[in-house]
Amino acid sequence: MAGLTNDAIVLHNELRAYRNAPRKDVNKEKVLNYFFRFESFANNTNEYKDLTPLIVENIVKETNLPDFVVLNTVFEFITEATQFSHTLSLGLVSWGSGEKSALRQAKFYLRKVHKIAPVFDYSRAIANLETLHKLLKKNFFWVHITTQLALIIFVTDRNDPTITKNEYILQKNLRAFCACSAYAFHMARKKLHIDKMGRLCT
């Protein structure tokens, strides 16, 4: 990695980014939605893979955005997501006491992940989170915040009527973003009787 501190050109794996390029929320949503749904950005250990020129080219082509907008958006996402995932993986989440406190904290972290990657319907996710906490209480089964976040985004995404089957967020990407292992995710989903389409099996 090399760069110029005074203006802005930074090279990452032979890709050029422009630090001070303007970014709008709509562009962030377009870029990250494609990145999460069509490009595998996580390896087998839930770490972010190196960004390649081909991936950037694919995003530019699909979003019709300039390459510097795509690069800045993706680099910013990976930086923020890596820091946040590291915080989550340390298990230093303070829940306070009581069910209301646990739900309040979960909503706080859900808001943070949506700010980093606005790739799901936030209002639907909040409603699903409240339902999840009722389900966890009913089953006397509480899971880590990382698993809660992964489940909520999964369920929200799978039940979004505007998204078709071949456009779902890739589960590997989702688990990496939420710092949730495949074992924890699938174990919790089966324990709570949530099927592959994000629906409760009765």
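Predicted model: local features only at pLDDT ≥ 70, side-chain atom pairs only at ≥ 80, totals over all residues.
**Entry 1: Arg 189**

Setting aside neighbours within four places in sequence, I found Arg 189 in contact with Leu 151, Phe 154, Ile 194, Asp 195 and Lys 196. I placed Arg 189 in helix H8, which spans residues 182–191.

Then I looked for a charged partner. Arg 189 is buried, yet has no salt bridge. The nearest side chain of opposite charge belongs to Asp 195, and I read 6.1 Å for that distance. A salt bridge needs a side-chain nitrogen of Lys or Arg within 4 Å of a carboxyl oxygen of Asp or Glu, so Asp 195 at 6.1 Å does not qualify as a partner for Arg 189.

Which residue does Asp 195 meet in a salt bridge? I found Arg 199, at 3.6 Å from N to O. Arg 199 is partly exposed, with a relative accessible area of 44%.

**Entry 2: the chain as a whole**

I stepped back to the overall layout. The protein chain has eight helices and three strands. Read along the sequence, the pattern is β-β-β-α-α-α-α-α-α-α-α. I noted 202 residues in the protein chain, of which 45% count as buried. I also checked contacts with a separation of 6 or more; residues 24 or more positions apart account for 67% of them.

**Entry 3: H4 against H5**

Next I looked up a helix pair. Helix H4 covers residues 99–116 and helix H5 covers residues 122–138. Their axes come within 10 Å and cross at roughly 145°. The crossing of H4 past H5 is right-handed.

I listed who makes the contact. From H4 come Glu 99, Ala 102, Leu 103, Ala 106, Lys 107, Leu 110, Arg 111 and His 114. From H5 come Tyr 122, Ala 125, Ile 126, Leu 129, Glu 130, His 133 and Lys 137. Sorted by class, the contact of H4 with H5 has eight nonpolar, two polar and five charged residues.

**Entry 4: salt bridges**

How many salt bridges does the structure hold? I counted four.

One of them joins Glu 130 and Lys 107, with the closest N and O atoms 2.9 Å apart. The pair links distant parts of the chain: Glu 130 sits in helix H5, Lys 107 in helix H4, and they are 23 residues apart. I checked accessibility for both. Glu 130 counts as partly exposed at 32% relative accessibility. Lys 107 counts as partly exposed at 24%.

Asp 121 forms a salt bridge with Arg 124. Here I read 3.5 Å between the closest N and O atoms. Asp 121 is partly exposed, with a relative accessible area of 26%. Arg 124 is partly exposed too, with 37%.

**Entry 5: positive phi**

Last, I looked at backbone angles. Most residues other than glycine have a negative phi. I therefore noted the exceptions below, given that general rule.

Phe 140 is not a glycine, yet has a positive phi of about 50°. I located Phe 140 in the loop between H5 and helix H6 (145–158). Is Phe 140 buried or exposed? Phe 140 is exposed, because its relative accessible area is 76% and the cut-off for exposed is over 50%.

Ala 179 also has a positive phi, about 55°, although it is not a glycine. I found Ala 179 in the loop between helix H7 (171–177) and H8. Ala 179 is partly exposed, with a relative accessible area of 25%.

Note on methods. Residues numbered from 1 in each chain as written. Heavy atoms only, no water. Helix = DSSP H or I, 4+ residues; strand = E, 2+ residues; numbered from the N terminus. Buried < 20%, exposed > 50% of the residue type's maximum accessible area, 1.4 Å probe, protein only. Lys, Arg positive; Asp, Glu negative; His and termini not counted. Contact = heavy atoms within 4.5 Å. Axes fitted to C-alpha atoms, helices over the stretch in contact; angles between N-to-C directions. Left-handed = near helix turned anticlockwise from the far one by under 90°. Nonpolar A, V, L, I, M, F, W, Y, C, P; charged D, E, K, R; others polar.
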